[in-house]
Amino acid sequence: MLRDPVSRYLSEWKHVQRGATWKTSLHMCDGRSPTPDELPTCYEGDDWSGVSLQEFMDCSYNLANNRQVRMLADLSLVGCYNLTFMNESERNVILLQSAKNNLKNMAFFGLTEFQRKTQYLFERTFNLKFISPFTQFNVTRASNVDIGEDVRQRIEELNFLDMQLYDYAKDLFLQRFQYSKQEEHQLNRLKRREERRLLREQRAHQWPREEAAEVAVTEDYNSQVARW
(Lines give C-alpha, C1' and ligand atoms only; values in the text may rest on other atoms or scores of the structure.)
Protein backbone atom coordinates (compact mmCIF):
# COMPACT_ATOMS: atom_id res chain seq x y z
CA MET A 1 0.00 0.00 0.00
CA LEU A 2 1.33 3.39 -1.02
CA ARG A 3 0.15 6.76 0.24
CA ASP A 4 0.34 10.40 -0.75
CA PRO A 5 3.86 11.34 0.46
CA VAL A 6 2.86 14.51 2.32
CA SER A 7 0.04 12.77 4.20
CA ARG A 8 2.26 9.78 4.93
CA TYR A 9 5.05 11.99 6.25
CA LEU A 10 2.72 13.95 8.54
CA SER A 11 1.19 10.71 9.76
CA GLU A 12 4.61 9.31 10.66
CA TRP A 13 5.52 12.55 12.44
CA LYS A 14 2.36 12.32 14.58
CA HIS A 15 3.16 8.65 15.23
CA VAL A 16 6.69 9.46 16.41
CA GLN A 17 5.43 12.44 18.40
CA ARG A 18 3.29 10.01 20.41
CA GLY A 19 6.37 7.92 21.27
CA ALA A 20 6.67 5.37 18.45
CA THR A 21 10.16 4.15 17.53
CA TRP A 22 11.78 1.69 15.16
CA LYS A 23 14.40 0.51 17.63
CA THR A 24 13.70 -3.14 16.95
CA SER A 25 14.19 -2.72 13.19
CA LEU A 26 17.51 -4.24 12.12
CA HIS A 27 17.63 -2.50 8.70
CA MET A 28 19.46 -5.54 7.36
CA CYS A 29 21.11 -5.09 3.96
CA ASP A 30 23.64 -7.40 2.32
CA GLY A 31 23.71 -9.52 5.46
CA ARG A 32 24.43 -6.82 8.03
CA SER A 33 22.88 -3.92 9.90
CA PRO A 34 24.18 -0.38 9.31
CA THR A 35 26.79 1.08 11.62
CA PRO A 36 25.89 4.04 13.89
CA ASP A 37 27.86 6.29 11.54
CA GLU A 38 25.89 5.05 8.54
CA LEU A 39 22.53 5.41 10.30
CA PRO A 40 22.63 7.98 13.12
CA THR A 41 19.56 8.63 15.26
CA CYS A 42 17.67 11.92 15.26
CA TYR A 43 17.21 12.05 19.03
CA GLU A 44 18.76 11.11 22.36
CA GLY A 45 16.89 9.08 24.94
CA ASP A 46 14.22 6.42 24.67
CA ASP A 47 12.09 8.07 21.99
CA TRP A 48 11.28 11.31 20.21
CA SER A 49 8.06 12.08 22.05
CA GLY A 50 6.76 15.60 21.65
CA VAL A 51 8.96 16.36 18.62
CA SER A 52 7.78 19.41 16.68
CA LEU A 53 7.25 19.22 12.94
CA GLN A 54 10.13 21.64 12.41
CA GLU A 55 12.50 19.42 14.42
CA PHE A 56 11.24 16.38 12.54
CA MET A 57 12.01 18.04 9.20
CA ASP A 58 15.38 19.40 10.32
CA CYS A 59 16.93 15.97 10.93
CA SER A 60 18.74 15.30 7.65
CA TYR A 61 19.07 11.53 8.29
CA ASN A 62 15.45 11.05 9.30
CA LEU A 63 14.31 7.75 7.78
CA ALA A 64 10.86 9.25 7.26
CA ASN A 65 12.31 11.07 4.25
CA ASN A 66 11.55 9.13 1.06
CA ARG A 67 10.61 6.09 3.12
CA GLN A 68 8.43 4.52 0.43
CA VAL A 69 11.19 4.56 -2.19
CA ARG A 70 13.75 3.21 0.26
CA MET A 71 11.49 0.37 1.39
CA LEU A 72 10.62 -0.65 -2.18
CA ALA A 73 14.10 -0.32 -3.70
CA ASP A 74 16.98 -2.79 -3.64
CA LEU A 75 19.39 -0.96 -1.32
CA SER A 76 22.26 -3.29 -2.16
CA LEU A 77 22.45 -1.53 -5.56
CA VAL A 78 23.61 1.65 -3.82
CA GLY A 79 25.79 0.24 -1.05
CA CYS A 80 22.96 -0.07 1.48
CA TYR A 81 23.20 2.75 4.05
CA ASN A 82 26.77 3.70 3.16
CA LEU A 83 26.29 7.17 1.65
CA THR A 84 29.93 7.34 0.56
CA PHE A 85 29.46 4.38 -1.81
CA MET A 86 28.45 6.73 -4.67
CA ASN A 87 27.44 10.33 -5.20
CA GLU A 88 23.99 11.39 -4.06
CA SER A 89 22.47 12.17 -7.46
CA GLU A 90 23.47 8.77 -8.88
CA ARG A 91 22.19 7.07 -5.75
CA ASN A 92 18.81 8.79 -6.03
CA VAL A 93 18.36 7.82 -9.68
CA ILE A 94 19.14 4.16 -8.96
CA LEU A 95 16.90 4.02 -5.89
CA LEU A 96 13.92 5.54 -7.68
CA GLN A 97 14.26 3.29 -10.71
CA SER A 98 14.66 0.21 -8.53
CA ALA A 99 11.53 1.11 -6.55
CA LYS A 100 9.56 1.62 -9.78
CA ASN A 101 10.73 -1.69 -11.20
CA ASN A 102 9.86 -3.62 -8.06
CA LEU A 103 6.45 -1.96 -7.85
CA LYS A 104 5.70 -2.74 -11.50
CA ASN A 105 6.63 -6.39 -11.01
CA MET A 106 4.24 -6.85 -8.09
CA ALA A 107 1.04 -8.70 -8.89
CA PHE A 108 -0.86 -6.22 -6.78
CA PHE A 109 -0.43 -2.93 -4.94
CA GLY A 110 -2.95 -0.42 -3.66
CA LEU A 111 -3.22 3.27 -2.88
CA THR A 112 -4.56 4.59 0.41
CA GLU A 113 -6.41 7.36 -1.41
CA PHE A 114 -8.33 4.85 -3.60
CA GLN A 115 -9.75 2.28 -1.19
CA ARG A 116 -12.63 1.00 -3.37
CA LYS A 117 -10.45 0.69 -6.46
CA THR A 118 -7.81 -1.04 -4.34
CA GLN A 119 -10.39 -3.54 -3.13
CA TYR A 120 -11.60 -4.16 -6.69
CA LEU A 121 -8.08 -4.82 -7.97
CA PHE A 122 -7.26 -7.12 -5.07
CA GLU A 123 -10.41 -9.17 -5.63
CA ARG A 124 -9.82 -9.36 -9.39
CA THR A 125 -6.14 -10.25 -9.00
CA PHE A 126 -6.56 -13.02 -6.45
CA ASN A 127 -10.13 -14.13 -7.27
CA LEU A 128 -11.31 -13.38 -3.74
CA LYS A 129 -14.24 -11.45 -2.31
CA PHE A 130 -14.24 -9.36 0.86
CA ILE A 131 -17.37 -9.68 2.98
CA SER A 132 -17.65 -5.90 3.32
CA PRO A 133 -16.51 -2.96 1.19
CA PHE A 134 -13.38 -0.98 1.99
CA THR A 135 -14.03 2.35 3.69
CA GLN A 136 -12.45 5.58 2.50
CA PHE A 137 -11.45 7.65 5.53
CA ASN A 138 -10.78 11.19 4.37
CA VAL A 139 -10.35 12.51 7.91
CA THR A 140 -7.09 11.24 9.42
CA ARG A 141 -4.49 12.48 11.87
CA ALA A 142 -2.51 13.78 8.92
CA SER A 143 -5.47 15.64 7.43
CA ASN A 144 -6.10 17.31 10.78
CA VAL A 145 -2.64 18.91 10.71
CA ASP A 146 -2.92 22.51 9.53
CA ILE A 147 0.22 23.42 7.55
CA GLY A 148 1.04 26.36 5.34
CA GLU A 149 2.10 26.17 1.71
CA ASP A 150 5.75 26.75 2.64
CA VAL A 151 5.72 23.75 5.01
CA ARG A 152 3.98 21.58 2.42
CA GLN A 153 6.61 22.54 -0.12
CA ARG A 154 9.38 21.70 2.36
CA ILE A 155 7.89 18.25 2.98
CA GLU A 156 7.63 17.65 -0.77
CA GLU A 157 11.29 18.62 -1.15
CA LEU A 158 12.33 16.23 1.62
CA ASN A 159 10.33 13.47 -0.07
CA PHE A 160 11.06 14.33 -3.70
CA LEU A 161 11.77 10.69 -4.57
CA ASP A 162 8.53 9.55 -2.94
CA MET A 163 6.67 12.26 -4.87
CA GLN A 164 7.97 10.88 -8.16
CA LEU A 165 7.27 7.31 -7.12
CA TYR A 166 3.72 8.16 -6.10
CA ASP A 167 3.01 9.85 -9.45
CA TYR A 168 4.30 6.74 -11.21
CA ALA A 169 2.35 4.42 -8.89
CA LYS A 170 -0.88 6.37 -9.33
CA ASP A 171 -0.62 6.24 -13.11
CA LEU A 172 0.19 2.51 -13.10
CA PHE A 173 -2.57 1.82 -10.57
CA LEU A 174 -5.24 3.56 -12.67
CA GLN A 175 -4.01 1.78 -15.81
CA ARG A 176 -4.40 -1.58 -14.06
CA PHE A 177 -7.82 -0.61 -12.79
CA GLN A 178 -9.00 0.47 -16.26
CA TYR A 179 -7.62 -2.69 -17.86
CA SER A 180 -9.35 -4.90 -15.25
CA LYS A 181 -12.64 -3.08 -15.81
CA GLN A 182 -12.41 -3.55 -19.58
CA GLU A 183 -11.50 -7.21 -19.13
CA GLU A 184 -14.46 -7.69 -16.79
CA HIS A 185 -16.86 -6.06 -19.29
CA GLN A 186 -15.51 -8.24 -22.08
CA LEU A 187 -15.94 -11.42 -20.01
CA ASN A 188 -19.48 -10.37 -19.11
CA ARG A 189 -20.30 -9.82 -22.79
CA LEU A 190 -18.95 -13.26 -23.67
CA LYS A 191 -20.92 -14.78 -20.80
CA ARG A 192 -24.15 -13.15 -21.95
CA ARG A 193 -23.48 -14.26 -25.53
CA GLU A 194 -22.95 -17.85 -24.38
CA GLU A 195 -26.14 -17.73 -22.31
CA ARG A 196 -28.12 -16.55 -25.34
CA ARG A 197 -26.62 -19.33 -27.48
CA LEU A 198 -27.56 -21.98 -24.93
CA LEU A 199 -31.06 -20.57 -24.70
CA ARG A 200 -31.49 -20.74 -28.48
CA GLU A 201 -30.29 -24.34 -28.49
CA GLN A 202 -32.68 -25.21 -25.68
CA ARG A 203 -35.59 -23.71 -27.56
CA ALA A 204 -34.55 -25.47 -30.77
CA HIS A 205 -34.67 -28.83 -28.96
CA GLN A 206 -38.06 -28.07 -27.45
CA TRP A 207 -39.81 -27.23 -30.74
CA PRO A 208 -39.51 -30.71 -32.38
CA ARG A 209 -40.89 -32.34 -29.23
CA GLU A 210 -43.84 -29.95 -29.18
CA GLU A 211 -44.57 -30.58 -32.88
CA ALA A 212 -44.37 -34.35 -32.35
CA ALA A 213 -46.76 -34.10 -29.44
CA GLU A 214 -49.25 -32.13 -31.60
CA VAL A 215 -49.03 -34.74 -34.38
CA ALA A 216 -49.64 -37.56 -31.87
CA VAL A 217 -52.71 -35.81 -30.47
CA THR A 218 -54.10 -35.18 -33.96
CA GLU A 219 -53.58 -38.79 -35.06
CA ASP A 220 -55.19 -40.08 -31.89
CA TYR A 221 -58.22 -37.82 -32.42
CA ASN A 222 -58.56 -38.89 -36.07
CA SER A 223 -58.43 -42.56 -35.12
CA GLN A 224 -61.18 -42.03 -32.59
CA VAL A 225 -63.34 -40.24 -35.19
CA ALA A 226 -62.87 -43.18 -37.61
CA ARG A 227 -63.99 -45.62 -34.92
CA TRP A 228 -67.04 -43.52 -34.11
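**Entry: Arg197 and Glu201**

I began at Arg197, which is partly exposed, with a relative accessible area of 31%. I was working on a predicted model. I then looked up Glu201 and found it partly exposed too, at 35%. The two side chains meet in a salt bridge, and I noted 2.4 Å from N to O. How many residues apart are Arg197 and Glu201 in helix 7? They are four residues apart, so about one helical turn separates them. Helix 7 covers residues 160-227. I also noted a network: Arg8, Glu12 and Arg67 are joined by salt bridges that share partners.

**Entry: other salt bridges**

I wrote down a general point first. Side chains of opposite charge can pair when their charged atoms come close. Then I searched the whole structure and got eight salt bridges.

One of them joins Arg154 to Glu157. Their closest N and O atoms are 3.9 Å apart, and the cut-off I used is 4 Å, so the pair counts. Both residues belong to helix 6, which runs over residues 149-158. They sit three residues apart there, so the separation is about one helical turn. Arg154 has 35% relative accessibility and counts as partly exposed. Glu157 has 44% and also counts as partly exposed.

Another bridge links Glu123 with Lys129. The closest N and O atoms lie 3.6 Å apart. Is Glu123 buried or exposed? At 12% relative accessibility, Glu123 is buried. The cut-off for buried is under 20%, so 12% qualifies. Lys129 is exposed, at 71%. That value is over 50%, so Lys129 passes the cut-off for exposed.

**Entry: aromatic rings**

Next I turned to ring pairs. A pair of aromatic rings is described by the distance of the centres and the angle of the planes. My count of aromatic pairs came to 11.

I looked up Phe108 and Phe126 among them. Their ring centres are 6.2 Å apart. Their planes meet at 65 degrees, so I logged the pair as edge-to-face. Where do these two residues lie? Phe108 is in the loop between helix 4 (88-104) and helix 5 (115-126), while Phe126 is in helix 5. The pair therefore ties together parts that are 18 residues apart in sequence. Phe126 is partly exposed, at 39% relative accessibility.

Then I checked Phe122 and Phe130. The ring centres are 5.3 Å apart and the planes stand at 45 degrees, so this pair is tilted. Phe122 is partly exposed at 24%. Phe130 is partly exposed at 35%. I could then write down a cluster: ring pairs link Phe108, Phe122, Phe126, Phe130 and Phe134.

**Entry: charges over rings**

I looked for charged side chains over rings. Lys181 has its charged end over the ring of Tyr120, and the distance to the ring centre is 4.5 Å. Lys14 lies over the face of Trp13, with 5.0 Å to the ring centre.

**Entry: the largest pocket**

I moved on to pockets. The largest pocket has a volume of about 650 Å³. I listed 26 lining residues. Which of them lie nearest the centre? They are Ser60, Asn65, Asn66, Leu83 and Arg91.

I asked where the lining comes from. Helix 2 (53-58), helix 3 (67-72), helix 4, helix 6 and helix 7 each give at least two residues. Helix 4 supplies the largest share, four residues. By class, I sorted the lining into 15 nonpolar, five polar and six charged residues.

**Entry: the second largest pocket**

The second largest pocket has a volume of about 490 Å³. Its lining has 24 residues. Trp22, His27, Thr41, Tyr43 and Leu63 lie nearest its centre. How many of the lining residues are nonpolar, polar and charged? I recorded 14 nonpolar, seven polar and three charged residues.

**Entry: Gly148**

My last stop was Gly148. I found Gly148 in the loop between helix 5 and helix 6. Gly148 is partly exposed, with a relative accessible area of 33%. I also took a distance from Gly148 to Gln97, which is 51 residues away along the chain. Their C-alpha atoms are separated by 31 Å.

Terms used
Residues are numbered from 1 along each chain as its sequence is written. This is a predicted model: local features need pLDDT of at least 70, side-chain atom pairs count only at pLDDT 80 or more; totals for chains, interfaces and linings use all residues. Side-chain values use heavy atoms; hydrogens and water are left out. Buried means under 20% relative accessible area, exposed over 50%, partly exposed in between (1.4 Å probe, protein chains only). Rings of Phe, Tyr and Trp (its six-membered ring) pair if their centres lie within 6.5 Å; planes under 30 degrees apart count as stacked, over 60 as edge-to-face and the rest as tilted. A charge sits over a ring if NZ of Lys or CZ of Arg is within 6 Å of the ring centre and within 35 degrees of the ring normal. On a 1 Å grid over the protein atoms alone, a cavity is a set of points where a 1.4 Å probe fits but cannot get out, and a pocket is an open set with protein on both sides within 12 Å along at least five of seven lines; lining residues have an atom within 4 Å of a point. Grid points are joined across faces, edges and corners, and a volume is the space filled by probe spheres set on the points. Ala, Val, Leu, Ile, Met, Phe, Trp, Tyr, Cys and Pro count as nonpolar, Asp, Glu, Lys and Arg as charged, and the others, Gly among them, as polar.
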